[in-house]
Amino acid sequence: MKNVLITGGAGFIGANFVRYLLRAEPEVHIINLDALTYAGSLENLRDLPDPSRHTFVHGDICDADLVNRLMREHEIDTIVHFAAESHVDRSILGPAPFIKTNVIGTFTLLEAARQAWGQERDGVRFHHVSTDEVYGSLAPDDPPFQESTAYDPRSPYSASKAASDHLVRAYFHTYGLPVTITNCSNNYGPYQFPEKLIPLMILNALQGRPLPVYGDGKQVRDWLYVEDHCEAIHLVLRKGQVGETYNIGGGNQPYNIDVVRKICALLAELRPGVDYASLITHVPDRPGHDRRYAMDTTKIRSELGWQPRHDLESGLRATVRWYLSHLDWVAKVAQGEEFQKWLQQNYADRQSLAGRRRA
Ligand code: NAD
Ligand code: DAU
């Protein structure tokens, strides 16, 4: 691993991974290709451990000429592909960019890798970062998702990620492209854009705004601290078997409502004086809302020796502390017109319906 193309490295997990890799691989040079959509920001890439080994390129993964040029000029031997439209609620209100970036974008990168690497099999790798959502939704007593679980995506987001996973596997079987795939559960931690559950709840609570819990709040997610995800991806790059898929997850099963209550309790401890829990508001549910995810991570634990270093308690505490000490970052990434419009679009009707129900 010498010259690594990271796509989406100005987003939440990508920016954490850029930091992680610069520390873990002292010889590596990173080319970071990111379109800087609403979800990406150069603010996420301030104070990198060794900025001289990081080159940022502002561009679109669907731009084949650009991707081909980067592969050639930087002699890329490893691609770690994070770039995606990633928010399920946005995919419900407007699926088109999900199909473009997640499907066409992945296809464009695969073609560029195939052309650049030709028959080269040694020392090159295409790693695709995917999600547990491709497996669908579990009933309360169903066993957790395994790597062999049949795909059953249910939102435009998860369907587009499933399509990209299938393409990546097809390039392995058809062209022998050396690929690996990781399917991970819900991440949280520093630099997560505040449209997602955990940062949204922290920031709404600090502003005294309602904490919008979809439906009964008894949906179950498996939460993983982002640094643990970065470590798992690095391990798969180093020791993973080409052509294989690895599930990654935190091994916890809280109801959403309990995650929100934990955040309120942490804030009450760290910023006392407000009854944060009284802000919890049940609002109309997400259409097609997956009820439960759970990951069986036996394969990555037993084959590669990975395990998460953070449990939900310590990870949530670190996350709440991070947001409290980075309100300047929040102001820069979240004050824009686009995000304010999104909040209006996704929550205004829900809040007024919730208000009417309460009245
Ligand atoms: P994010 O939305 O925070 O960041 C996505 C990044 O991709 C942004 O910087 C954005 O500017 C960039 N991007 C979007 N379209 C692009 C394009 N056409 N060309 C170049 N760059 C583009 O996403 P995230 O939460 O960091 O997720 C990263 C990856 O991990 C995604 O593939 C996602 O499906 C996957 N994943 C996320 C989670 C999670 O909980 N967040 C869990 C499992 C897997
Ligand atoms: O499971 C992995 C996936 O996790 C990733 O592939 C996605 O990119 C990532 O966005 C995330 O998807 P979710 O839909 O699970 O995450 P989100 O933070 O949007 O929601 C988490 C849960 O909280 C979900 O059950 C919906 C609920 N929720 C979310 C929001 C934004 C609420 O109750 N209220 C909210 O306002």
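For sorting residues by class, Ala, Val, Leu, Ile, Met, Phe, Trp, Tyr, Cys and Pro count as nonpolar, Asp, Glu, Lys and Arg as charged, and the others, Gly among them, as polar. With that in hand, welcome to a predicted model in which 28 residues surround ligand 1 and 25 residues surround ligand 2. By class, the shell around ligand 2 has 10 nonpolar, eight polar and seven charged residues.

**Ligand 2 and its surroundings**

- Among the 25 residues that surround ligand 2, the closest are Asp132, Tyr157, Asn186, Arg286 and Tyr347.
- Ser86 uses its backbone here, with an N or O atom 2.8 Å from an oxygen atom of ligand 2.
- How much of ligand 2 does the protein bury? Taken alone, ligand 2 exposes 690 Å², and the protein buries 94% of that.
- Three elements each supply at least two residues of the shell around ligand 2, namely α3 (88–93), α6 (197–206) and β8 (211–214).
- The largest share of that shell, three residues, comes from β8.

**Ligand 1 and its surroundings**

- The closest of the 28 residues around ligand 1 are Ile13, Asp34, Ser86, Tyr157 and Lys161.
- Ser86 meets ligand 1 with its side chain, where a polar atom lies 2.7 Å from an oxygen atom of the ligand; for ligand 2, a backbone N or O atom of Ser86 makes the approach.
- Tyr157 is named among the closest residues for ligand 1 and also among the closest for ligand 2.
- Backbone atoms take part too: a backbone N or O atom of Asn187 lies 2.8 Å from an oxygen atom of ligand 1, and a polar backbone atom of Leu36 is 3.4 Å from an oxygen atom of ligand 1.
- On its own, ligand 1 has 830 Å² of accessible area, and the protein covers 96% of it.
- Two or more residues of the shell around ligand 1 come from each of α1 (12–24), β5 (125–131), α5 (156–175) and β7 (186–188).
- β5 gives the most to this shell, with three residues.
- Sorted by class, the shell around ligand 1 has 13 nonpolar, 12 polar and three charged residues.

**Aromatic pairs**

- The count for the model comes to 15 aromatic pairs.
- One of them joins Tyr188 and Tyr225 edge-to-face, at 5.6 Å centre to centre and 70° between the planes.
- This pair links distant parts of the chain, with Tyr188 in strand β7 and Tyr225 in strand β9 (residues 223–225), 37 residues apart.
- Both Tyr188 and Tyr225 are buried.
- Phe193 and Phe339 also pair edge-to-face, with 5.0 Å centre to centre and 75° between the planes.
- Phe193 lies in the loop between β7 and α6 and Phe339 in helix α12 (residues 337–358), so their pair ties together parts that are 146 residues apart in sequence.
- The cut-off for buried is under 20% relative accessible area, so Phe193 counts as buried at 8% relative accessibility, and Phe339 counts as buried at 6%.
- Tyr135, Phe145, Tyr151 and Tyr293 form one aromatic cluster.

**Helix α11**

- Which residues of helix α11 (residues 327–334) are buried? They include Trp329, Val330, Val333 and Ala334.
- Seen down the axis of α11, its buried residues fall within an arc of 100°, so they line one face of the helix.

**Two loop residues**

- Gly217 lies in the loop between β8 and β9, and at 0% relative accessibility Gly217 counts as buried.
- The C-alpha atom of Gly217 is 5.2 Å from that of Asn256, although the two residues are 39 residues apart along the chain.
- Pro49 has its place in the loop between β2 (29–34) and β3 (54–58).
- Is Pro49 buried or partly exposed? At 38% relative accessibility, Pro49 counts as partly exposed.
- Pro49 and Leu22 are 27 residues apart along the chain, and their C-alpha atoms are separated by 6.5 Å.

Definitions and conventions: Residues numbered from 1 in each chain as written. Chains lettered and ligands numbered in written order. Predicted model: local features only at pLDDT ≥ 70, side-chain atom pairs only at ≥ 80, totals over all residues. Heavy atoms only, no water. Near = heavy atom within 4 Å. Polar contact = N/O pair within 3.5 Å; in protein donor to acceptor, adjacent residues only side chain to side chain. Areas by Shrake-Rupley, 256 points an atom, 1.4 Å probe, with all protein chains shown as cover. Helix = DSSP H or I, 4+ residues; strand = E, 2+ residues; numbered from the N terminus. Buried < 20%, exposed > 50% of the residue type's maximum accessible area, 1.4 Å probe, protein only. Arc of directions from axis to C-beta. Phe/Tyr/Trp six-rings, centres within 6.5 Å; stacked < 30°, edge-to-face > 60°.
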